[in-house]
Amino acid sequence: MWFKFLKTDIPDVILVEPKVFGDERWFFMETYNKSDFIESGIDCEFVQDNHSKSKKWVLRWFHFQTENTQAKLVRVTKWSVLDFAIDIRKESSTYWKF
């Protein structure tokens with residue numbers, strides 16, 4: 001398996017850490033593998049891939065969808081990010097957990 005899948009307090013939020021293989025040429029990593037994701041309980045279809053860049057200390061606002069919902073895959077390529085997932089589903093047992 002090319003990834004480490006870490007569970008969180010919210011069952012639908014999983015931290016995915018890819019294995020990075022380095023040598024004198026730099027590095028290689030697989031960023032997505034459908035069978036590995038399904039084997040780890042992530043059985044959704046990613047239909048769109050976006051890439052954005054932010055300056056230091058930028059806050060990108062929260063997003064939520066009630067129709068045409070989507071799974072979100074966040075990739076950090078440099079430095080670090082503080083990314084929040086907040087369960088706002090009133091019927092959920094993890095309501096208001098983040």
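A polar contact here is a pair of N or O atoms within 3.5 Å; within protein, one must be able to donate a hydrogen and the other to accept it, and residues adjacent in sequence count only if both atoms are side-chain atoms. Keep in mind that this is a predicted model, in which local features need pLDDT of at least 70 and side-chain atom pairs count only at pLDDT 80 or more, while totals for chains, interfaces and linings use all residues. Residues are numbered from 1 along each chain as its sequence is written, and side-chain values use heavy atoms, with hydrogens and water left out.

**View 1. Asn33 and its polar partners.**
Let us start with Asn33, which sits in the loop between strand 4 (26-29) and helix 1. Helices (H or I, at least four residues) and strands (E, at least two) are DSSP runs, numbered from the N terminus. The side chain of Asn33 makes a polar contact of 2.8 Å with the side chain of Glu30. A polar atom of the Asn33 side chain also lies 3.1 Å from the backbone nitrogen of Asp36. Is Asn33 buried or exposed? With a relative accessible area of 18%, Asn33 is buried; the word buried means under 20% relative accessible area, exposed means over 50%, and partly exposed is in between (1.4 Å probe, protein chains only).

Next comes Phe37, a residue of helix 1 (residues 34-39). Its relative accessible area is 1%, so Phe37 counts as buried. Which residues touch Phe37, leaving aside its neighbours within four places in sequence? They are Phe3, Phe5, Val16, Thr31, Tyr32, Ile42, Phe46 and Leu73, where contact means heavy atoms within 4.5 Å. Phe5 is 32 residues from Phe37 in sequence, yet the C-alpha atoms of the two are 8.6 Å apart in space. The largest nonpolar core has five residues in all: Phe3, Phe5, Ile14, Phe37 and Ile42. A nonpolar core is a set of buried Ala, Val, Leu, Ile, Met, Phe, Trp, Tyr and Cys residues joined through side-chain atoms within 4.5 Å.

**View 2. Aromatic pairs.**
A pair of aromatic rings is described by the distance of the centres and the angle of the planes. Rings of Phe, Tyr and Trp (its six-membered ring) pair if their centres lie within 6.5 Å; planes under 30 degrees apart count as stacked, over 60 as edge-to-face and the rest as tilted. The whole structure holds 10 aromatic pairs. One of them joins Phe3 and Phe37 edge-to-face, at 5.3 Å centre to centre and 85° between the planes. Phe3 belongs to strand 1 (residues 3-7) and Phe37 to helix 1, so this pair ties together parts that are 34 residues apart in sequence. Both Phe3 and Phe37 are buried. In the pair of Phe84 and Phe98, the ring centres are 6.0 Å apart and the planes are at 55°, so the pair is tilted. Phe84 is partly exposed, at 40% relative accessibility, and Phe98 is exposed, at 64%. Ring pairs also link Phe3, Phe5, Tyr32, Phe37 and Phe46 into a cluster.

How many residues lie between strand 1 and strand 2 in their hairpin? There are six. The two strands run antiparallel, and five bridges join strand 1 to strand 2 (residues 14-18); strands pair if DSSP finds at least two bridges between them. Lys4 has Glu17 of strand 2 as its bridge partner. The side chains of Lys4 and Glu17 also meet in a salt bridge of 3.5 Å, N to O, a term for a side-chain nitrogen of Lys or Arg within 4 Å of a carboxyl oxygen of Asp or Glu. Lys4 is partly exposed, at 45% relative accessible area, and Glu17 is partly exposed too, at 31%.

**View 3. Further salt bridges.**
The structure holds four salt bridges. In the one between Asp12 and Arg89, the closest N and O atoms are 2.8 Å apart. Asp12 lies in the loop between strand 1 and strand 2 and Arg89 in the segment after helix 1, so the pair ties together parts that are 77 residues apart in sequence. Asp12 is exposed, at 57% relative accessible area, whereas Arg89 is partly exposed, at 35%. Arg25 and Asp23 meet through their side chains in a salt bridge of 2.4 Å, N to O. Salt bridges that share partners join Asp12, Asp87 and Arg89 into one network.
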